[in-house]
Amino acid sequence: MNISQVAEKTGLSSKAIRFYEEKGLITAPNRSLNGYRTYNSRNIEELTLLRQARLVGFTLEECKELLALFHNADRRSADVKARTLEKVADIDNHIAELTQMRERLMELVELCPGDNGADCPIIDSFTGCCKQDKGAN
């Protein structure tokens, strides 16, 4: 299969496929006499795994670990599950951080009059200013 066929089949761009190859994440495809890459079913599986793992937030390094497990015939599903649960915990932590950021921003929004005046508690908060210190130098 050529790269455009693989791109269509996996949902990846040709550029992404070449990137994953350059990073050594996939098994190097065979080369035809004219130098074009020819991909086999193993390459398709690797690329599909990469795409699916990236869609749910795995980093390239984590994808590399998943691919190592994919290639390991002696892998244990417990290892795959553990890595997946680690990713879920990372996502949960990220959600908590984003929720805190959102709550803080909404607090600031509530304090801001949002009018034509220059006084803005949002800017004051971001710069460390407070109303009591405005006149003091």
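Tutor: H1 and H2 pack at an angle of about 100°, their axes being 9 Å apart. This is a predicted model, in which local features need pLDDT of at least 70 and side-chain atom pairs count only at pLDDT 80 or more, while totals for chains, interfaces and linings use all residues. Residues are numbered from 1 along each chain as its sequence is written, and side-chain values use heavy atoms, with hydrogens and water left out.

Student: How are H1 and H2 oriented to each other?
Tutor: They are roughly perpendicular, because of that angle (65 to 115 degrees counts as such).

Student: Which residues make the contact?
Tutor: H1 gives Ile3, Ser4, Val6, Ala7 and Thr10, and H2 gives Ser14, Ile17 and Arg18 (contact means heavy atoms within 4.5 Å). These residues divide into 4 nonpolar, 3 polar and 1 charged.

Student: What else does Ile17 touch?
Tutor: Leaving aside neighbours within four places in sequence, its contacts include Leu12, Ile26, Tyr39 and Leu47.

Student: Now H4 and H5, please. At what angle do they pack?
Tutor: H4 and helix H5 (residues 77-111) pack at about 165°, with axes 10 Å apart. They are therefore roughly antiparallel (over 145 degrees).

Student: Which residues are in contact there?
Tutor: Glu62, Glu65 and Leu69 of H4 meet Asp79, Val80, Arg83, Lys87 and Asp90 of H5. By type, the residues of this contact are 2 nonpolar, no polar and 6 charged.

Note on methods. Axes are lines fitted to C-alpha atoms, for helices over the stretch in contact, and angles run from 0 to 180 degrees between N-to-C directions. Helices (H or I, at least four residues) and strands (E, at least two) are DSSP runs, numbered from the N terminus. Angles under 35 degrees count as roughly parallel, over 145 as roughly antiparallel, 65 to 115 as roughly perpendicular and the rest as oblique. Ala, Val, Leu, Ile, Met, Phe, Trp, Tyr, Cys and Pro count as nonpolar, Asp, Glu, Lys and Arg as charged, and the others, Gly among them, as polar.
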